[in-house]
Amino acid sequence: MGEIIAPVGLNLFSPYKMANFNLSHRVVLAPMTRCRALDEIPGAALAEYYKQRSTQGGFLITEGTSISNTSAGFPNVPGIYKEEQVEAWKNVVDGVHDKGGIIFCQLWHVGRASHQVFQPVGGSPISSTDKPISNKWRVVLPDGSFGTYPKPHALETFEIHEVVEDYRRAAINAIQAGFDGIEIHSAHGYLLDQFLKDGINDRTDKYGGSIENRCKLLMQVVEAVVSAIGVNRVGVRISPAIDHLDALDSDPLGLGLAVIERLNKLQLDQGSQLSYLHVTQPRFTATGKTESGRPGREEEDARLMRTLRKTYQGTFMCSGGYTRELGMQAIADDEADLVSFGRLFISNPDLVLRFQLNAPLNKYDRTTFYTQDPVVGYTDYPFLN
C-alpha cells in the first residue's frame with residue numbers, strides 16, 4: 001500500500017465545517033438509487049453497504065427515499081413514511097455512526113417519473129402537469145423489464161398541501177431514525193423539478209407561469225422541513241441545466257439564481273445556514289456514456305456553475321462525473337466546498353483511502369446498478385489489501 005502524502009493547499013482531504021458538522025474530508029457519498037430495499041424496507045444489505053463506505057468524519061447521503069406511497073418510481077427503493085421503515089433505518093444509521101460518519105436521508109418523490117405498478121391501486125402518478133415523459137426514456141419495472149411512462153395526474157391546487165405535509169412528516173421520521181439531517185431532492189426531473197422547469201410546468205394557477213410561482217412548491221417544502229427539524233439539518237439539491245427525464249428549462253441560470261435568491265433569504269430570516277446546496281454539473285448523464293457536458297455549451301455550463309457558487313451564501317456541493325483530479329481542482333479553485341461521488345463510490349467502498357493514496361480504482365459493473373441481489377454488485381466490491 002502506498003503512503004498518504006497530504007497535498008498542499010485546500011483539497012479533497014482538507015477538513016470542513018458544514019453547519020454543525022465537522023467533516024474530516026470533502027469526499028461525499030452521492031445519493032444513488034440501488035433497488036436493494038425489498039418491500040421498501042432497508043435491511044441488512046443496506047446497513048452493510050453504507051457502513052462499508054463510511055469514514056471517520058465522512059459525509060454520506062442516502063439513495064432517494066420515498067416520502068409516501070405515491071413517490072416511488074423504481075422497484076425496491078426504501079421508504080421513510082412507515083414506522084417499520086423508520087425502525088429499519090436505525091440499523092443503517094447506527095452502522096455509519098459507529099464508524100464516525102455523518103449521514104443524511106435524501107427525501108424523494110419522483111412525480112410523473114413513475115408507473116401505475118408503483119402507485120396505490122394502480123392509479124396515475126402525480127405531477128405539475130398531465131404531460132407524460134417522452135418515449136425517449138423508459139421506466140424500470142419490478143420484473144426488470146422497461147416500460148413507457150404513463151400520463152400523470154396534474155395536481156389540483158388544493159392537493160399540493162398534502163405533498164408538502166408528506167415531506168414534513170418524512171423529515172421528522174428521518175430524525176427519529178437517527179439521521180443527522182435530510183436532503184430535499186429537487187433535481188433530475190423528479191416532482192419538485194417538474195414544478196421548477198418551464199419545459200414541464202404548464203400550470204395556470206399560483207404554482208405555474210412565472211419563475212416566482214414555479215419556485216413556490218420547493219420553498220414551501222423547504223420552509224416546512226426547516227420548521228420541523230431545524231435549518232442546520234437540511235440540504236437542497238437542484239439541477240437547473242440538466243434535461244434528464246425531459247426536465248428542460250428555457251433559462252437554467254435564471255432558474256438557479258431564483259432558487260438561490262430564495263434560499264439565501266430563508267437563511268437570513270432564520271439567522272442560520274442550511275447544511276448545503278447540492279448542484280449537479282450539466283455534464284451528468286443517467287447512462288454515464290457522456291461525460292463532456294452539453295455539446296457546444298461547455299463554457300456556458302462552467303459559467304453557470306461558477307455563478308451559482310458565487311451567489312449562494314453557504315456550503316456549496318457539486319456532483320456529476322467528477323474524478324479525483326476534477327474534485328481536487330474544484331476544491332483548489334474554490335468552485336465548491338464539497339464534492340459528491342457516485343459511480344466511483346459504488347465500486348470502491350474505500351474510495352476516500354484510494355483517493356488519498358492515488359491508488360487504482362475498481363471498475364464498476366453497470367449491469368448490476370439496479371439489480372436486487374443483496375451482495376453482487378453491491379457489497380462485494382473489494383477493498384485495498
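Tutor: Two strands pair if DSSP finds at least two bridges between them, and strands (E, at least two residues) and helices (H or I, at least four) are DSSP runs numbered from the N terminus. This is a predicted model, where local features need pLDDT of at least 70, side-chain atom pairs count only at pLDDT 80 or more, and totals for chains, interfaces and linings use all residues. Residues are numbered from 1 along each chain as its sequence is written, and side-chain values use heavy atoms, leaving out hydrogens and water.

Student: How many bridges join S5 to S10?
Tutor: There are 4, and the two strands run parallel. Cys105 sits opposite Ile182 in S10.

Student: And what about S4 and S5?
Tutor: S4 (residues 59-66) pairs with S5 in the parallel sense too, over 6 bridges. There, Ile61 stands opposite Phe104 of S5.

Student: Is S5 mostly covered or open?
Tutor: Mostly covered: 7 of the 7 residues in S5 (102-108) are buried, meaning under 20% relative accessible area with a 1.4 Å probe, protein chains only.

Student: OK, rings now. How many aromatic pairs are there?
Tutor: The structure holds 14. Rings of Phe, Tyr and Trp (its six-membered ring) pair if their centres lie within 6.5 Å; planes under 30 degrees apart are stacked, over 60 edge-to-face, the rest tilted.

Student: Why does Tyr49 with Tyr378 count as stacked?
Tutor: Their centres are 4.3 Å apart and the planes are at 5°, so the pair is stacked. Tyr49 is buried at 2% relative accessible area, and Tyr378 is buried at 0%.

Conventions
Buried means under 20% relative accessible area, exposed over 50%, partly exposed in between (1.4 Å probe, protein chains only).
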